[in-house]
Amino acid sequence: MSEISTRDAARDGAQARDAARDNARESALSVAAISSERTQSDDNVWTRRLVLFLRVMALLSILKGLYHWAQVTGFVGGEDEAFENQSMPWQAATVYFAVIELVAAVGLWLATPWGAVVWLTTVVSMAVIELMFPGIYGGSLVVVGVEVFMLAAYLALAWMAARERPP
């Protein structure tokens, strides 16, 4: 009988140790998760803002790309504004933006470096077309101003995000 009670006592002691170890591990994991979450949120504020900006620009690029495709396919505009009735430079620019805006949107949504480069290409291209070739889209200074504002916002956010990461 004493042998059985000794085994039971040893088993109960082992179960108590396992339970204590599990409780300690769970509390350590939860404290680590809380502290790492807090550290991450404090340290990467500008990076998160930059990613949010890139995602908003991705959505805007999707809308712009789909609008250009709608122009190509004839879903928007009347018979006078049909794609085949437009000038060759207008058609080329519209197809260019229909493709590149959607490619930029994918890269921006994924927050990849190439996405930002393609998006910057679209921004600069639209500004150049509006300023240098006003006969294509009308030369709207409002469009140029919006493009310059978006470019400045991106550069400011990228600079602030780069400052919060040590070299």
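**Figure 1. K64, E101 and E147 are linked in a network of salt bridges in this predicted model.** A salt bridge here is a side-chain nitrogen of Lys or Arg within 4 Å of a carboxyl oxygen of Asp or Glu. The count by this rule is two. Residue numbers start from 1 along each chain as its sequence is written, and side-chain values use heavy atoms, with hydrogens and water left out. Because the model is predicted, local features need pLDDT of at least 70 and side-chain atom pairs count only at pLDDT 80 or more, while totals for chains, interfaces and linings use all residues.

**Figure 2. K64 pairs with E101.** The closest N and O atoms of this salt bridge are 3.3 Å apart. K64 sits in helix α2 and E101 in helix α3, so the pair ties together parts 37 residues apart in sequence. Helices are DSSP runs (H or I, at least four residues), as are strands (E, at least two), numbered from the N terminus. E101 has 1% relative accessibility and counts as buried. Buried means under 20% relative accessible area, exposed over 50%, and partly exposed in between (1.4 Å probe, protein chains only).

**Figure 3. K64 also pairs with E147.** Here the N to O distance is 3.4 Å. K64 belongs to α2 and E147 to helix α6 (residues 141-163), so this pair joins parts that are 83 residues apart in sequence. E147, at 5% relative accessibility, is buried.

**Figure 4. Helices α2 and α3 pack against each other in a left-handed crossing.** Their axes come within 7 Å and cross at roughly 150 degrees. That makes α2 roughly antiparallel to α3. Axes are lines fitted to C-alpha atoms, for helices over the stretch in contact, and angles run from 0 to 180 degrees between N-to-C directions. Angles under 35 degrees count as roughly parallel, over 145 as roughly antiparallel, 65 to 115 as roughly perpendicular, and the rest as oblique. A crossing is left-handed if the near helix is turned anticlockwise from the far one by less than a right angle, and right-handed if clockwise.

**Figure 5. Helices α3 and α4 also form a left-handed crossing.** They pack at an angle of about 150 degrees, with axes 7 Å apart. α3 and α4 are therefore roughly antiparallel to each other.

**Figure 6. A nonpolar surface patch covers about 970 Å².** Its residues are L59, I62, L66, W69, V95, V99, V103, V106, W109, L110 and W114. Helices α2 (45-73) and α3 (88-109) each supply at least two of the patch residues. The largest share, five residues, comes from α3. W114 lies in helix α4 (residues 113-132) and is partly exposed, with a relative accessible area of 41%. Patches are made of residues with over 30% relative accessible area and no salt bridge; like charges are joined within 9 Å, and nonpolar side chains (Val, Leu, Ile, Met, Phe, Trp, Tyr) within 5 Å. Accessible areas come from the Shrake-Rupley method with a 1.4 Å probe; for residues, only the protein chains shown count as cover.

**Figure 7. R48 and A161 have C-alpha atoms 8.3 Å apart.** Along the chain, the two residues are separated by 113 residues. R48 is part of helix α2. At 44% relative accessibility, R48 is partly exposed.

**Figure 8. The protein has six helices and zero strands.** Along the sequence, the pattern reads α-α-α-α-α-α. Of the 167 residues, 26% are buried.
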